[in-house]
Amino acid sequence: MGHQQAYLIARVRPHGARPTSRAAIYFVALASQKDNAAVIRYELRAIQGKYGRTCEPLIPDIPCPFALSLLHRAWCLDLAGDKDGAVANTLPASFPFWGNPANVYGITIIDITDPENPAYIFVDHPENILQLLIFGQRYPKVPQNAWRYLTKYCNLKRLPDDHPTKQVILDTIGAMDGIPLITANQLLEAWPDIKLNLLQYVLWQIWTWRWRMPQVAQSFHGLVASRANRSLGTAVKHLVDSGETNFGSLEWLSGKMHEVKTSLRSLQPWPDNALALLEYTLRELGEVTRVDLSGFQLSAKQVSHIVTSLGNVSYLDISENQSLQTSDVVDIVSAAPSLRRLVMMECPSVGDTDLRQAVIAHPAVFSGIEGILHPAFLATEPATTYPIGFAIRCQREFADNNNIRSVWTPFLTPAQAVQVITDTIPWTWRWPGGGTSWGFVVAHVIRAALGAATRAPAQPWEYDTVSAVARITGWDAPPGVPLIPIDPAQRVLWTFYCCYRGTLVQAGEWDRWAFVRYVRDDAPPASDTAATAARPTYTGTVHDLAGYLACMESEGRPMPAPEAVQTLQALLLVKHPRTGKLLCPMLEADQVPSLFADVEVPEEPEPAEESS
């Protein structure tokens with residue numbers, strides 16, 4: 001089986017110094033999406049000047065976990081047509097340019113230095129004698145655009161015009177047309193150990209240069225501020241000091257709201273008497289439901305005043321605030337019950353552990369949140385304290401409880417849960433190879449889908465906003481280790497459990513699904529071992545879709561659209577085409593799997609013989 005590598009590169013200052021093409025399209029769409037691009041920029045800025053190529057500290061294996069989650073989503077998830085999935089394993093950031101000898105399909109490289117204007121290149125093996133003589137065979141160094149790369153592996157001339165594969169390839173090539181290509185300079189900057197002779201360098205630069213021109217032109221935009229805009233800051237400060245509130249009568253403000261907001265952002269300390277002008281500016285800019293307060297040194301009380309006055313804020317960016325504390329986050333979210341996405345990058349006074357503990361301690365406050373973009377929920381290191389908003393537990397029919405895989409995320413609303421289950425429910429997917437393939441791929445597909453925000457009506461899935469980084473645990477956990485690393489302070493956990501063979505040939509006797517609500521038992525468990533006695537026990541109860549949604553509605557959580565509920569309900573009631581029975585029945589009350597790996601599940605019974 002062939003492999004292919006995909007790299008994300010970006011220009012950052014080092015410490016001590018100054019058929020993956022469809023997946024590439026999907027990643028470019030994700031990275032250039034405004035909300036996702038903002039978080040990528042914060043991640044890149046956070047590593048500027050921190051790590052060296054050869055000197056300590058060396059770059060960590062995953063320096064930008066949010067950007068990596070977008071790459072996982074692009075490579076593992078394809079909801080177009082026949083749903084298809086794939087497995088993506090993470091390579092360390094220090095991995096060499098050509099580190100996998102089994103990589104027979106070349107390399108995909110995407111430059112996200114400017115995530116809203118990315119560049120790409122495919123690097124592949126020489127395909128003729130001339131390329132072999134020029135580039136050599138030590139490792140592939142032949143740059144290719146989408147057309148050359150795809151047509152190398154599929155001869156379009158041999159396919160009729162109405163062939164579906166030909167149409168997919170032409171659509172893919174058209175979608176990547178106009179995206180600039182990565183130059184030789186960028187490649188050598190990312191991997192200095194690559195050796196290109198003069199001929200190789202010149203050919204690469206000439207071939208890719210014309211694709212760079214649009215991006216070069218954009219890079220000069222907005223570098224020079226006019227003298228009038230600089231003087232506007234003085235006028236805004238005088239306006240704030242005067243106490244004026246009838247801003248609509250001031251003609252000099254018309255058409256300059258962006259500059260006014262920039263001037264207000266620079267005020268330090270930030271005065272209360274500027275709140276009226278800030279609210280007026282946000283309304284004039286159309287920032288009523290989506291509010292960007294990044295860089296404003298506002299207090300928690302001032303932020304709460306703004307979101308309360310605007311009334312229906314669903315997106316809030318308060319990054320780069322030096323004064324906000326962890327307790328302030330609880331107050332701000334409480335003041336905005338409509339809030340779904342909160343961005344808090346580069347807020348040094350909000351500690352990772354403190355924020356995770358606050359979410360666990362106030363589940364009702366954060367029940368409507370789809371995602372908090374903060375290093376506390378992006379860090380790749382294992383955390384001893386971690387809130388789990390929802391988990392999807394997948395199991396192959398022949399596996400025991402030690403082989404349940406759990407994919408979980410710190411935040412998930414009922415609307416998101418219905419969406420992700422609809423996207424990933426296994427019997428709607430094309431699983432080549434039957435049950436084994438499904439068991440191997442499913443957790444990666446669910447992880448890719450689980451972090452997406454709720455889509456607006458008619459919004460293409462390719463342009464999802466990613467609100468959280470999902471994680472996979474379990475599969476080979478030793479006895480006594482939680483299949484879900486739930487914090488003992490968390491009292492309730494909702495999960496969706498699905499055990500499915502992954503084939504329509506024969507429904508398994510243990511194929512089951514259910515929403516399971518786990519509640520912590522207050523009484524200490526009876527156990528002879530100190531390790532087991534130290535952890536709480538959880539009792540699970542089975543619910544169908546209607547029961548789950550009823551519980552969520554009683555808690556005041558954001559509910560899915562009726563159409564989305566009907567779609568999922570129809571999928572859950574799909575019948576086997578041969579037997580007419582439910583393809584995957586509900587889990588029985590006495591079949592609830594444990595959260596821990598030391599509880600065994602009955603073995604699969606022998607299938608009953610059927611008459612012809």
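**View 1. Left-handed crossing of helices H15 and H19.** In this predicted model, H15 and H19 cross with left-handed geometry. Six nonpolar and two polar residues make up the contact of H15 with H19, with no charged residue taking part. From H15 (residues 414–424) and H19 (residues 562–572), the axes come within 10 Å and cross at roughly 40 degrees. The two helices, H15 and H19, are therefore oblique to each other. On the H15 side the contact involves Val418, Ile421 and Thr422, which meet Ala564, Val565, Thr567, Leu568 and Leu571 in H19.

**View 2. Surroundings of Trp427 in the largest nonpolar core.** The largest nonpolar core has 94 residues. Trp427 is listed with Phe27, Phe66, Phe390, Phe496 and Phe515 as having the most contacts inside this core. Beyond its neighbours within four places in sequence, Trp427 is in contact with Cys498, Tyr500, Trp513, Leu571, Leu572, Val574, Leu583 and Cys584. Another core, of 66 residues, lies apart from the largest one and includes Val240, Val329, Tyr386 and Ile404.

**View 3. Right-handed crossing of helices H12 and H13.** The axes of H12 (residues 300–310) and H13 (residues 326–335) come within 9 Å, crossing at roughly 15 degrees. H12 and H13 are therefore roughly parallel to each other, and their crossing is right-handed. Ala300, Val303, Ser304, Val307 and Thr308 of H12 meet Asp328, Asp331, Ile332 and Ala335 of H13. By residue class, the contact of H12 with H13 holds five nonpolar, two polar and two charged residues.

Key. Residues are numbered from 1 along each chain as its sequence is written. This is a predicted model: local features need pLDDT of at least 70, side-chain atom pairs count only at pLDDT 80 or more; totals for chains, interfaces and linings use all residues. Side-chain values use heavy atoms; hydrogens and water are left out. Axes are lines fitted to C-alpha atoms, for helices over the stretch in contact, and angles run from 0 to 180 degrees between N-to-C directions. Helices (H or I, at least four residues) and strands (E, at least two) are DSSP runs, numbered from the N terminus. Angles under 35 degrees count as roughly parallel, over 145 as roughly antiparallel, 65 to 115 as roughly perpendicular and the rest as oblique. A crossing is left-handed if the near helix is turned anticlockwise from the far one by less than a right angle, and right-handed if clockwise. Contact means heavy atoms within 4.5 Å. Ala, Val, Leu, Ile, Met, Phe, Trp, Tyr, Cys and Pro count as nonpolar, Asp, Glu, Lys and Arg as charged, and the others, Gly among them, as polar. A nonpolar core is a set of buried Ala, Val, Leu, Ile, Met, Phe, Trp, Tyr and Cys residues joined through side-chain atoms within 4.5 Å. Buried means under 20% relative accessible area, exposed over 50%, partly exposed in between (1.4 Å probe, protein chains only).
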